[in-house]
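Please open the model in the viewer and keep the selection tool at hand.

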Amino acid sequence: MKPPPRLRGAARTQRRNGAVVSLPRALSKLGFCSRTQAEALIAEGRVRVDGRVIRAVTARVDPARARITVDGEPLVAERKVYLMLNKPRGLVTTRDDPEERATVYDCLKGLDLPFVAPVGRLDKASEGLLLMTNDTRWAQRVLDPASNVEKVYHVQIDRVPDEGMLERLQAGMTLDGERLVARSASLLRAGARNAWIEVILSEGRNRQIRRLLGAVGAEVLRLVRIDVGGVRLGDLPRGTVRPLTPAEKAMLDVPVQIASGWEGAV
């Protein structure tokens, strides 16, 4: 296996201070496309860095300094965009689905937006507040467990929980070698055979709420995320998107020194 190309000039100089990223990530950071799409463009020889065709997806570059072109057109950094989407059930949180299922990007069709990516995930059967942005560093800080950004969910289950069940969710448990715990779990309202509970998480693990509830014998009927870090879904219609207000954006602005990388989703 050949080593990645050695890019000259600023890209090599800046390697030491952390500004250099992989070429696919650079295209994503510039708001041009997803990393998967970037890898295909690079493999096809359509991407140049400082005039040189680069075919190695492992090549590294400083997107703020290098001159990157795709099909001869120069890339420039897109404006930063911060959005909230009220995700409906039945959509997958991905851009390109190999099974050709409907995705959250169907909700963005016709809008004048740069490439944006979800901040974390909601699984196909879940709904509610989904943040999307082209600011990858901001997204990383929001998702990092060290940031302690709380996420609030309203969950309908197939039974009326007793105090013991709610206490078990808050005590946590180890499932498949992973420690899962709810920061808070409380009863919202109950009917004869089902109930709505509020679950608060401070970190995201794959299908965390469904796994926790399954372990205590409850089936999830609906799962709606209503709040992330104090930013509330409110009355945003299902399937629609709007920009975060400056105040909402500020609520999620986590100090840079806290962040250490992407974390999973719920």
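A residue is called buried when its relative accessible area is under 20%, exposed when that area is over 50%, and partly exposed in between, using a 1.4 Å probe and protein chains only. By this rule, 47% of the 266 residues of the chain are buried. The model is a predicted one, in which local features need pLDDT of at least 70 and side-chain atom pairs count only at pLDDT 80 or more, while totals for chains, interfaces and linings use all residues. Residues are numbered from 1 along each chain as its sequence is written, and side-chain values use heavy atoms, with hydrogens and water left out.

**The whole chain**

Begin by colouring the chain by pLDDT, the predictor's confidence in each residue, from 0 to 100. The mean pLDDT is 87, and 89% of the residues reach 70 or more. Next, select residues 257–266, where the pLDDT is below 50. A contact means heavy atoms within 4.5 Å, and this stretch has 36 contacts in the model beyond near neighbours in sequence.

Switch to a cartoon view to see seven helices and 17 strands. These elements are DSSP runs numbered from the N terminus: helices are H or I runs of at least four residues, and strands are E runs of at least two. Among contacts between residues at least 6 apart in sequence, 68% join residues at least 24 apart.

**Helix H5**

Select residues 163–171, which form helix H5, and show the side chains of the buried residues Met-165, Leu-166 and Leu-169. They lie on the same side of H5 because they cover an arc of only 95 degrees around the axis; the arc is that of the directions from the helix axis to the C-beta atoms. Which elements cover the buried residues of H5? They include strand S10 (151–157), strand S13 (184–190), strand S14 (195–201) and helix H6 (208–215). Now turn to the face of H5 directed away from its buried side, where the exposed residues Glu-163 and Glu-167 are found.

Then inspect the two ends. At the N-terminal end, Asp-162 caps H5, with a side-chain oxygen 3.2 Å from the backbone nitrogen of Gly-164. Just after H5, Gly-172 has a positive phi of about 85 degrees.

**Glu-127 in strand S9**

Move to strand S9 (residues 127–133), which contains Glu-127. Is Glu-127 buried or exposed? Glu-127 is buried, with a relative accessible area of 4%.

**Two loop residues**

Most residues other than glycine have a negative phi. Select Asn-148, in the loop between helix H4 (136–143) and S10; Asn-148 is not a glycine, yet its phi is positive, about 55 degrees. Asn-148 is partly exposed, with a relative accessible area of 43%.

Finally, select Arg-207 in the loop between S14 and H6. Arg-207 also has a positive phi, near 50 degrees, and is partly exposed at 38% relative accessibility.

Definitions and conventions:
Polar contact = N/O pair within 3.5 Å; in protein donor to acceptor, adjacent residues only side chain to side chain.
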